[in-house]
Amino acid sequence: MSVLTENKLSPQEEISILKNTKNAVILAHYYQEPEIQEIADFVGDSLELAKKAATTNADIIVFAGVHFMAETAKILNPSKKVLLPDLNAGCSLAESCPPEAFQQLKDKYPDHVVVTYINCSAEIKAMSDVVCTSSNAERVINSIPLDKPIIFAPDKNLGRYLIEKTGRKMLLWDGACIVHEAFSIDKLLELYAKYPSAKIIAHPESEEHILKIANYIGSTSGMLNFVKSSDQDTFIVATEAGILHQMQMDVPDKTLIPAPAKEDNSCACSECAFMKMNTLQKLYNCLKDESPEIVLAESLMKAAHRPIKRMMEL
Ligand code: SF4
């Protein structure tokens, strides 16, 4: 950000000026880099960010997250300009469910109620009866009449967990998140042996063997609340490592250890490469240029809004 250096303003100050001049709001997911979380007006999980996007009075929403989240913001508040710092910030889970293949499944089971996890494209949302997040998935499934069969997509791990929790039979789409499937059970058990008093907390997108040994399973915000309210002081955290920033601010005196990944990487933990595509520089550029912008067809937005609205009503 050379302009910033010349003006002797910090990147944060420059972004703040642009934000105020343009009446923009910055919404950031917990998986963003700490420097982005720190400059955001609001940091949250998918459900919290969707709610903020739906009710903001700002003219511009800068969505520091991934593509499907920015799409959801646009669908919920179509009159706003929604910007995504890097248009390539996708999601392995959303990409695992292409619309044509999903339509074929729907055609095969026309009597099924289609429930989709919010981590999917606008096209898949438009083909759904109701959307859910990991915070409200159980409630959404329980709202469906018992005599109605269910298709759940795209996350098979969350789907399997929901079958166990609700006792409902569901046809699961075979999709997964690369980050939550990257945890190594062997390394996790080794780590646990070193910290036997630690509580293992996991996101339900994690694989079954990880969930089986977890002391607590919940959404990103659920995990934050658990750590805050627990008497324990050490936690092994099985979700994207970006959450540790907010968590450590919430519980500065507690020890938080990221669950180890199968492959060795620089931080020995799991990070979402898509989420990390957004940088402070890209955030500044997109606010300055008002691009890249999320643009969706009117008809698609209308069709995708219906199942999201149904979730919000629940
Ligand atoms: S953590 Fe997984 S589900 Fe979330 S954006 Fe990254 S790839 Fe998608």
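Two residues are in contact when heavy atoms of theirs lie within 4.5 Å. The exercises below use this term on a predicted model.

**Exercise 1. Describe the setting of Lys19: which element holds it, is it buried or exposed, and what does it contact?**

Step 1. Find the element. Lys19 belongs to helix α2, which covers residues 11-21.

Step 2. Judge the accessibility. Buried means under 20% relative accessible area. Lys19 has 11% relative accessibility, so it counts as buried.

Step 3. List the contacts. With neighbours within four places in sequence set aside, Lys19 touches Ala24, Ile26, Ile39, Asp41 and Leu287.

**Exercise 2. State where the ligand sits and which residues are around it.**

Step 1. Locate the ligand. The ligand is placed in the largest cavity.

Step 2. Name the surrounding residues. They are Tyr31, Val66, Cys91, Ser92, Asn119, Cys177, Val179, Glu205, Cys272, Phe274 and Met275.

Step 3. Sort this shell by class. Eight residues are nonpolar, two are polar and one is charged.

**Exercise 3. Work out how the residues of the UniProt "binding site" annotation are arranged.**

Step 1. Read the record. According to an unreviewed UniProt entry, the annotation "binding site" covers Cys91, Cys177 and Cys272.

Step 2. Relate them to the cavity. Cys91, Cys177 and Cys272 are included in the lining of the largest cavity.

Step 3. Look at Cys91. It lies in the loop between β4 (81-83) and α6 (92-95). Its relative accessible area is 12%, so Cys91 is buried. Beyond its neighbours within four places in sequence, Cys91 is in contact with Val66, Phe68 and Phe274.

Step 4. Look at Cys272. This residue is in the loop between β12 (255-258) and α15 (280-289). Cys272 counts as buried because its relative accessibility is 10%. Apart from its neighbours within four places in sequence, Cys272 contacts Val179 and Glu240.

**Exercise 4. Identify the buried residues of helix α14 and the elements that cover them.**

Step 1. Take the helix, residues 243-250. Its buried residues include Ile243, Leu244, His245, Gln246 and Met247.

Step 2. Find the cover. It includes α3 (34-39), β9 (199-202), α13, β11 and β12.

Step 3. Go to the loop between α13 (220-229) and β11 (234-238), where Ser230 lies. Ser230 has 15% relative accessibility and therefore counts as buried. Leaving out neighbours within four places in sequence, Ser230 is in contact with Phe235 and Lys254.

**Exercise 5. Locate two cis peptide bonds and two residues with positive phi.**

Step 1. Take the bond between Ala153 and Pro154. It is cis, with omega about -5 degrees. Pro154 is in the loop between β7 (150-153) and α10 (156-166).

Step 2. Take the bond between Ser291 and Pro292. This bond is also cis, with omega about 0 degrees. Pro292 is in the loop between α15 and α16 (298-313).

Step 3. Turn to Glu290, in the loop between α15 and α16. Its phi is near 55 degrees, which is positive although the residue is not glycine. With 24% relative accessibility, Glu290 counts as partly exposed.

Step 4. Finish with Asn23, in the loop between α2 and β1 (24-29). Asn23, likewise a residue other than glycine, has a positive phi near 50 degrees. Its relative accessible area is 36%, so Asn23 is partly exposed.

How values were computed:
Residues numbered from 1 in each chain as written. Predicted model: local features only at pLDDT ≥ 70, side-chain atom pairs only at ≥ 80, totals over all residues. Heavy atoms only, no water. Helix = DSSP H or I, 4+ residues; strand = E, 2+ residues; numbered from the N terminus. Buried < 20%, exposed > 50% of the residue type's maximum accessible area, 1.4 Å probe, protein only. Near = heavy atom within 4 Å. 1 Å grid on protein atoms, 1.4 Å probe; cavity = no way out; pocket = protein on both sides within 12 Å on 5 of 7 lines; lining within 4 Å. Sits in = over half its atoms within 2 Å of the grid points. Nonpolar A, V, L, I, M, F, W, Y, C, P; charged D, E, K, R; others polar. UniProt positions renumbered as here; feature names shortened; annotations may be inferred.
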